[in-house]
Amino acid sequence: MTEPILRVENIHKAYGPTEVLRGVSVDVRPGEVVVIIGPSGTGKSTLLRCVNQLTPPDQGRVWLKDVELTDKRTDINKARERIGMVFQDFNLFTHLTALQNVMLGLTKVKRMKPTAARAKAVMELEKVGLADKADLYPAELSGGQKQRAAIARSLAMDPEVMLFDEPTSALDPELIGEVLEVMQDLAAEGMTMLVVSHEMGFAREVADRIIFLENGVIADEGPPEQFFTNPKNPRTREFLWKLTELYGNHGEKGSRRSGRRGR
């Protein structure tokens, strides 16, 4: 069996008296898509932030291949170049165009020459369907376009693993599909992805494994066919039912992927 590219071992995180994560361990193998679901406030986003050390865990260890990210001796800024992260709220620089946003890490972090950085940025914008929006500022883009620009910015750094923290939660329903389509294409290309999402249609179609996180621990996990039809934990079944009540029948193929990239 292939060795994990990402190993998360016994992660604990508390904010004051509140334990958000209570011993979470996850292995992610190269090319695997792992989707994390669970109630709000159960530590899903905190787990992603602990992976790339935006939020250092109180206890536990994280490795990217043979580099321990939680080791204080590790150059975490250098290590983060190997991990792309896409946030809920895009985090684009408003004073820069889409192209300039994608170029920024290439010129400032990778020290690429502007001509080479521009060519690379254009290629990544083309990959997410935004070649014709390269010279627009974030205020001129739709929410879906902003998120696709954020994905392009992460991809430009050639990450080994992509982390997605509820990438569609800030979008209008009609724009969700275009972002999920990009993510589905990335999965088909073999990108390793750890995704926090409530998009059950995406999880059913694209995930290799689904993790149900509740009260700071992994309450259930398995491949989509088992997870949706015969979950191990009765609480999983209850959660999926409530999610369907709240958002509609996301379990049906393509249920929210009506948007197109050209929007």
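Modeller: Phe-239 is buried, at 9% relative accessibility, where buried stands for under 20% relative accessible area, exposed for over 50% and partly exposed for what lies in between (1.4 Å probe, protein chains only). Phe-212 is buried as well, with a relative accessible area of 0%. This is a predicted model, in which local features need pLDDT of at least 70 and side-chain atom pairs count only at pLDDT 80 or more, while totals for chains, interfaces and linings use all residues. Residues are numbered from 1 along each chain as its sequence is written, and side-chain values use heavy atoms, with hydrogens and water left out.

The structure holds 2 aromatic pairs, a pair being rings of Phe, Tyr or Trp (its six-membered ring) with centres within 6.5 Å, called stacked when the planes are under 30 degrees apart, edge-to-face when over 60 and tilted for the rest. One of them joins Phe-212 and Phe-239 in a tilted arrangement, with 5.0 Å from centre to centre and 35° between the planes. Because Phe-212 lies in strand E9 (residues 209–214) and Phe-239 in helix H9 (residues 234–247), this pair ties together parts that are 27 residues apart in sequence; helices (H or I, at least four residues) and strands (E, at least two) are DSSP runs, numbered from the N terminus. Phe-227 and Phe-228 make an edge-to-face pair, 5.8 Å centre to centre and with 80° between the planes. Of these two, Phe-227 is buried at 0% relative accessibility, and Phe-228 is buried with a relative accessible area of 16%.

The largest nonpolar core has 49 residues, among which Val-35, Ile-37, Ile-151, Phe-164, Met-183, Met-193 and Phe-202 touch the most other members; a nonpolar core is a set of buried Ala, Val, Leu, Ile, Met, Phe, Trp, Tyr and Cys residues joined through side-chain atoms within 4.5 Å. Helix H6 (residues 173–188) supplies the largest share of this core, 8 residues. There is also a second, separate core of 29 residues, which includes Val-34, Val-51, Ile-83 and Leu-194. Leaving aside neighbours within four places in sequence, Val-35 is in contact (heavy atoms within 4.5 Å) with residues including Val-195, Phe-202 and Ile-210.

Strand E8 (residues 192–196) has 5 of its 5 residues buried. In a regular strand the side chains alternate between the two faces of the sheet. Both faces of E8 are covered, with Thr-192, Leu-194 and Val-196 buried on one side and Met-193 and Val-195 buried on the other.

Two strands pair if DSSP finds at least two bridges between them. Strand E3 (residues 33–37) pairs with E8 in the parallel sense over 4 bridges, and Val-33 has Met-193 as its bridge partner in E8. Strand E7 (residues 161–165) also pairs with E8 in the parallel sense, over 5 bridges, and here Met-162 has Met-193 as its bridge partner. From E7 the chain crosses through H6 to E8 in a right-handed β-α-β crossover, a term used if, with the strands pointing away from the viewer, the path from the first strand over the helix to the second runs clockwise.
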